[in-house]
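Subject: Handover of a structure and notes on its charged residues

Dear colleague,

Please find the structure below, together with its sequence. My notes on the charged side chains follow it.

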Amino acid sequence: MAELNELSEKIAKIKQEVQNELEKLENSKSVYEYKKVILDGKTGKIGSLMKEMGKIPNEQKADYGKKVNELKTWAQSYFEELDAKFKQEEMRRRYESEKIDVTMPAKKHEHGNLHPVTQVRNQLTDIFASMGFEIYEGTEIETDYYNFTALNTPQDHPARDMQDTFYLSPEYLLRTQTSAGQIHVMEAKKPPIKVVSPGKVFRSDDDATHSPMFTQMEGLVVDKGITLCDLKGMLDEFVKKIFGKETKTRLRPSYFPFTEPSVEVDVSCFQCGGCGCKLCKGTGWIEVLGAGVVNNKVLEGCGVDTNEYSGFAFGIGLERIAMLKYGINNIKLLFESDLRVLKQIDD
Ligand code: PHE
């Protein structure tokens, strides 16, 4: 009897203790941990009470077992209730913290875009490729021979003054024109030839429309029976594609030592349609490139039989085209990498 009384007291104490402890718990993790301490079958304060059964006289065993079970059931449901309460609270807090507003405007992704001159270069390359031109890329350092002499511009030729040259040595220079590539192409390949050659060129020249470094695209066609008409026909197509379907071309006589005849090519103003505006300075026409029939002296110098073959060539300034197309009035804007300018130009 003493045993049962003693144990009943112990049970009551445990119940009180557990009650006190559970009131202090604050989250589901501590509920889980304290539950192990209390209800574990071997070591738990309540869980292990059944082990005391041996000490109880037989006739009181049932009574004791009932008391222990009652305590266990009470504790279990207390734990469950607390656990459910904390879990619900924790879930609510988690939802709160992970809440997203799907109606919020998304963060804008910054898109990069190609430099305007690169855009023009790509557009021109595409147009010429669609006309059957191959691409040849020359080198920026050239010899005096390829840049001038082979292009019918020997040492004392006055046309050398047209292009103020950066010499690296008496023999080497920074090419002043992609025309130097014409010679390399003709030396490497027999006609028919149909190439365009884009690249940087250099001249000691610096104002609102000139920069010491700029970009050209050279074109060269050599085949049987090529005339100025072929050049005109090809250019008519080209300008329509780059400036719009209504654009017309006009050839004006000009001079380059490596073409004869030489022409300056104007396009009808694509802004005013030819009536006269600020862009075309009231003339209705805008100069876009230099061109001509390849001078026989140049062809012969490259071993091309001029009885059989003739050709035309043209050179386009890409910065000039970019300035015209995108309404840029100072060439420096194309070299300053000011994002406020560059971001506006995305064709
Ligand atoms: N190379 C010339 C220049 O830079 C342009 C040109 C190229 C003219 C081909 C005629 C033929 O001014």
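I begin with a pair inside a helix. Asp236 and Lys232 form a salt bridge, with 3.4 Å between their closest N and O atoms. Because the two residues stand 4 apart in helix 7 (residues 228–243), about one helical turn separates Asp236 from Lys232. Lys232 has a relative accessible area of 28%, so this residue counts as partly exposed. Please bear in mind throughout that the model is predicted.

Salt bridges with shared partners also occur: Arg250, Arg252, Asp266 and Glu287 are joined by them into one network. In general, side chains of opposite charge can pair when their charged atoms come close. How many salt bridges are there by the rule applied here? The count comes to 18.

Glu137 belongs to the loop between strand 1 (134–135) and strand 2 (141–143), whereas Arg121 is part of helix 4 (residues 116–130); the two are 16 residues apart and connect distant parts of the chain. Glu137 is exposed, because its relative accessibility of 53% is over the 50% cut-off. Arg121, by contrast, is partly exposed, at 25% relative accessible area.

The other pair is Lys332 and Asp206, whose salt bridge brings the closest N and O atoms to 2.8 Å from each other. This pair, too, links distant parts of the chain, the residues being 126 apart: Lys332 lies in the loop between helix 9 (318–326) and helix 10 (339–342), and Asp206 in the loop between strand 4 (193–202) and strand 5 (213–224). Lys332 counts as partly exposed, with 26% relative accessibility. Is Asp206 buried or exposed? Asp206 is exposed, since its relative accessible area is 54% and exposed means over 50%.

Finally, I draw your attention to a group of acidic residues. Which residues gather in a patch of negative charge on the surface? They are Asp161, Asp164, Asp205 and Asp207. Residues in such a patch have no salt bridge. Of these, Asp161 is found in the loop between helix 5 (144–147) and strand 3 (172–174). With a relative accessibility of 70%, Asp161 counts as exposed.

With kind regards

Conventions. Residues numbered from 1 in each chain as written. Predicted model: local features only at pLDDT ≥ 70, side-chain atom pairs only at ≥ 80, totals over all residues. Heavy atoms only, no water. Patch = residues over 30% accessible without salt bridge, like charges linked within 9 Å, V, L, I, M, F, W, Y side chains within 5 Å. Areas by Shrake-Rupley, 256 points an atom, 1.4 Å probe, with all protein chains shown as cover. Salt bridge = Lys/Arg side-chain N within 4 Å of Asp/Glu carboxyl O. Lys, Arg positive; Asp, Glu negative; His and termini not counted. Charge placed at Lys NZ, Arg CZ, Asp CG, Glu CD. Buried < 20%, exposed > 50% of the residue type's maximum accessible area, 1.4 Å probe, protein only.
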